[in-house]
Amino acid sequence: MTTAPHARTTAAPVPTQSTYQTRVADYWNAEENPVNLELGRIDDLYHHHYGIGAADRSVLDEADPDLRRQRLTAELHRLEQEQAVLLSTHLGPLSPADRVFDAGCGRGGGSVVANLRYDCHADGVTISAKQAEFANAQARKRGIDDKVAYHHRNMLDTGFRSGAYAASWNNESTMYVELDLLFAEHARLLRRGGRYVTITGCYNDAYGRASREVSLINAHYICDIHPRSEYFRAMARNRLVPVHVQDLTADALPYWELRKQADHLVTGIEETFLTAYKNGSFQYLLIAADRV
């Protein structure tokens, strides 16, 4: 039975999952990474992506250790918020009556950003029951749960009504799924003329095969980074026509350079990202496409 997009349940229907997807769900159900949680506690906007833009490096000169930690955390959060805002600017124009779909929503920050910008309805989907529960609690805390809801579902098979959404997106979550299956679901959910946006890391076909650094990132996050070209081929096969492509690679470097200095937040993957970006094997792209 197809479920209406405004349904507020987070536990049913239980997502159909492959063995790999179950492993990913287990990872995110257990995840308590400070780089996600400490940044989100600043203003209750919890993101699961990286940041862009020029960084205020003066935070590194702070002599007081506790204040240095606070300033570093706040600056990294500001950069990740800049990334979320950039994505949201490519969703519109939207009205308060419109619905948007956040695929792979994590702890829900992206849906909140979209709602605050457009006053629109938002449905976030995550394969992690723990993330959906957390995100719904945040929506209730903000008093926006009448418009923003999170669901424990598979973003490849949501059960939501076809054509119900004016816009949809993935923010650093496409590397966990097959692109044809993902874009087919977005195309089904979007109304004609609806906008799809993704910000993602992809490996650079011009470099050759996936580099050692890309393989290390895959292993670290239990994901499978796609080549840049496959995004455009899969979109073409699924009625999504790119209208804007932006290379954010250079804009992403300050975030990683700063995070490398944050001893309380490092995960060990920072230098790998910096090397991959600088040697040209890995790129950070924004792609906006219209559903035709």
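So, what volume does the largest pocket have? About 780 Å³. Before going on: this is a predicted model, where local features need pLDDT of at least 70, side-chain atom pairs count only at pLDDT 80 or more, and totals for chains, interfaces and linings use all residues. Residues are numbered from 1 along each chain as its sequence is written, and side-chain values use heavy atoms, with hydrogens and water left out.

A quick word on "pocket": on a 1 Å grid over the protein atoms alone, it's an open set of points where a 1.4 Å probe fits, with protein on both sides within 12 Å along at least five of seven lines, and lining residues have an atom within 4 Å of a point. The volume is the space filled by probe spheres set on the points.

Back to the largest pocket. It's lined by 49 residues, and Trp28, His48, Glu172, Ser173 and Tyr176 lie nearest its centre. Helix H1, residues 19-30, gives the largest share of that lining, with 5 residues.

The second largest pocket holds about 160 Å³. Its lining includes Tyr20, Met175, Tyr176 and His226.

Now, some helix packing. The axes of H3 (residues 65-89) and H9 (residues 249-259) come within 10 Å and cross at roughly 160°. H3 and H9 are therefore roughly antiparallel, a label for angles over 145 degrees. Who makes the contact, meaning heavy atoms within 4.5 Å? On H3 it's Leu72, Glu75, Leu76 and Leu79, and on H9 it's Tyr255, Leu258 and Arg259.

Key. Helix = DSSP H or I, 4+ residues; strand = E, 2+ residues; numbered from the N terminus. Axes fitted to C-alpha atoms, helices over the stretch in contact; angles between N-to-C directions. Parallel < 35°, antiparallel > 145°, perpendicular 65-115°, else oblique. Contact = heavy atoms within 4.5 Å.
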